[in-house]
Structures are given as C-alpha cells and as structure tokens.
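I opened the notebook to log what I looked up in this structure. Entries are grouped by topic.

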Amino acid sequence: MYYYTLYDNKLTQDNPDDCMAKSVNSVVKTEEDLFKSLTAPGSILKDVEVKAVKSEIWKTIISFLEEGYGYRDENISIRLDISGKFEDKDDRFDPDRHKVNISIVPGKSLKKACKEIKPQFVKATSVKPEIESVYDWISDTSDDVLSPGGTLEISGEDLKIYTQPTGQGVFFINKSNGQETLAAMPRMNEPKMLSLRVPELVAGTYRIEIRNSARNAKKLRVGTTPTEFTVK
C-alpha cells in the first residue's frame, strides 16, 4: 500500500490552507524479495536460474551503455547525456570538466502501473523514519558494508533523534541472533541526515533500525533499512 500524508504548503501565499502531499512509511522491496516472489511455491522457476538470467540481462544492458548506446523496452528507457560547460565549438569532452549522465524514465508499463496505484492517507502522527541510503565512509560503499569504528551517514526523512522519551537511537541488529547494539548519539542529528560512529560489531549480517519520536511526542516510531549490511 502506498501511504501519504499532508503538510502545510509554505511555497504559496494565495491560500493559507493549501497542503502538499508527502510519501510516508514506504516499503522498498529488494532483489531478495523479487527472487522469493518469482520462485514461490507453485512456480516452475528455480532460484539459481532466475538469478542467472537477471544477472545476464543487466550485464548486457550495462554493456550497451558502456558502448555508448541507450536502451529502451516497455518498462524503462535509459538515455545518455553530457553535463558541463564547453568553451567553444572546438572544445572537446574532458572528464575533469564534463560528465556523462544516465537518465532512467518509466516506460509504458510503469506509467500504466502508476495509474493503478490507490494512495491511502495517514495522519502525520503515523509517520515513521524513512531510511533512504546508508553511506559507510571507510569502505566507501552505500547500503552494503559496515565498518566498526568508522563514520556512517544515514539520509532520509524524519530521522532526528530526541532524548525523550527514552528508547530512541540508531540500533544495529544482528540477523543471526537478534542481538541489538545501540550507537552513540549522532554527531549530526537532523531530520534528513544522521552522522554517527559505527559501534564495535562482530562479523555478520545486520539490519539498521531508527527508533525516534515526533517532536514533543511520547510514542516511539520505528524505521528499518530495506537492505541488510555486512560486517566482515
């Protein structure tokens, strides 16, 4: 289900009561969810086969892009363009000044799917932390590796952590035994960004939970990363 809530629209002056919609509590399905769905009981597809085909499809698409081609099917359209300033018509591409960009736009089938979505309204008090990406400075990776003792940047929405009520913070949960490790209070503690030190974690697979409250609220909210992380 696609949920949204409404906030005051501070960008307009003509109507003091108008509002803007904001997506909330969205769940992001992962590659693992995709494979489980495709190989669910009753399916003739096998896990190994599905993973192999998916891998080869994207390897081929990526090879097209590396050769300078775009790509299009009924689901997506991938195009290439160049950003950066060229001094005159004799100037040529310089990777220090120019950049090749990839843009992905929805195809017919995705546009049709958008029309089928029926958004459901929720009150703002139902909003929970939305974790969009997690960047690990030491490994220079996003949504992948955790480096104990290193710096982690979490970006998203409604992330800020307060001291009251108790129980708030960033928790690292070991998938194998459920053990929770609470990180120290973030050095950067903003609604859209948290910067914190990764606790000393044993090797394994983890998920990250942010537990916080709305300002001056008493009830805790929980946001969980859609991906899992590895401590080596």
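With that, I placed D143 in the loop between β8 (141-142) and β9 (151-157).

**Ground rules**

I am working on a predicted model, where local features need pLDDT of at least 70, side-chain atom pairs count only at pLDDT 80 or more, and totals for chains, interfaces and linings use all residues. Residues are numbered from 1 along each chain as its sequence is written, and side-chain values use heavy atoms, with hydrogens and water left out.

**Whole chain**

I counted three helices and 16 strands in the chain. The C-alpha trace spans about 60 × 55 × 45 Å along its principal axes.

For burial I used relative accessible area: buried is under 20%, exposed is over 50%, and partly exposed is in between (1.4 Å probe, protein chains only). Of the 232 residues, 28% count as buried.

I looked up the accessible area as well (Shrake-Rupley method, 1.4 Å probe; for residues, only the protein chains shown count as cover). The chain exposes about 16100 Å². Carbon and sulfur atoms supply 54% of that area.

Next came contacts, meaning heavy atoms within 4.5 Å. I took those between residues at least 6 apart in sequence, and 56% of them join residues at least 24 apart.

**Cysteines**

How many disulfides does the search of the whole structure find? I got zero, taking a disulfide as a pair of cysteine sulfur atoms within 2.5 Å. I then checked the exposure of C19 and C114. C19 counts as partly exposed because its relative accessibility is 40%. C114 is at 54%, so it counts as exposed.

Most residues other than glycine have a negative phi, and most peptide bonds are trans. I went through the exceptions I had noted.

D143 has a positive phi of about 55 degrees, although it is not a glycine. Its relative accessibility is 30%, so D143 counts as partly exposed.

D158 is another non-glycine residue with a positive phi, near 55 degrees. I found D158 in the loop between β9 and β10 (169-174). Is D158 buried or exposed? At 18% relative accessibility, D158 counts as buried.

The peptide bond joining Q164 and P165 is cis, with omega about 0 degrees. P165 is found in the loop between β9 and β10.

**Empty space**

Rolling a probe the size of a water molecule over the atoms shows where empty space is left. My grid was 1 Å over the protein atoms alone: a cavity is a set of points where a 1.4 Å probe fits but cannot get out, and a pocket is an open set with protein on both sides within 12 Å along at least five of seven lines. Lining residues have an atom within 4 Å of a point. Grid points are joined across faces, edges and corners, and a volume is the space filled by probe spheres set on the points.

I counted one cavity of 30 Å³ or more. The largest cavity holds about 30 Å³. Its lining is I131, E132, S133, V134, D143, T225, P226 and T227.

For linings, I counted Ala, Val, Leu, Ile, Met, Phe, Trp, Tyr, Cys and Pro as nonpolar, Asp, Glu, Lys and Arg as charged, and the others, Gly among them, as polar. The cavity lining divides into three nonpolar, three polar and two charged residues.

The largest pocket has about 610 Å³ of space. I counted 25 lining residues, with V28, T224, T225, P226 and T227 nearest the centre. Elements giving two or more residues to this lining are α1 (31-38), β7 (130-136), β10 and β15 (221-224). The lining splits into six nonpolar, eight polar and 11 charged residues.

The second largest pocket has a volume of about 310 Å³. Of its 14 lining residues, K54, I57, W58, D73 and N75 lie nearest the centre. Which element gives the most to this lining? I noted α2 (47-66), with six residues. The lining of this second pocket has 11 nonpolar, one polar and two charged residues.

D33 is found in helix α1. Its relative accessibility is 29%, so D33 counts as partly exposed. I also took the separation of the C-alpha atoms of D33 and G204: 20 Å, with the two residues 171 apart along the chain.

Methods. Helix = DSSP H or I, 4+ residues; strand = E, 2+ residues; numbered from the N terminus.
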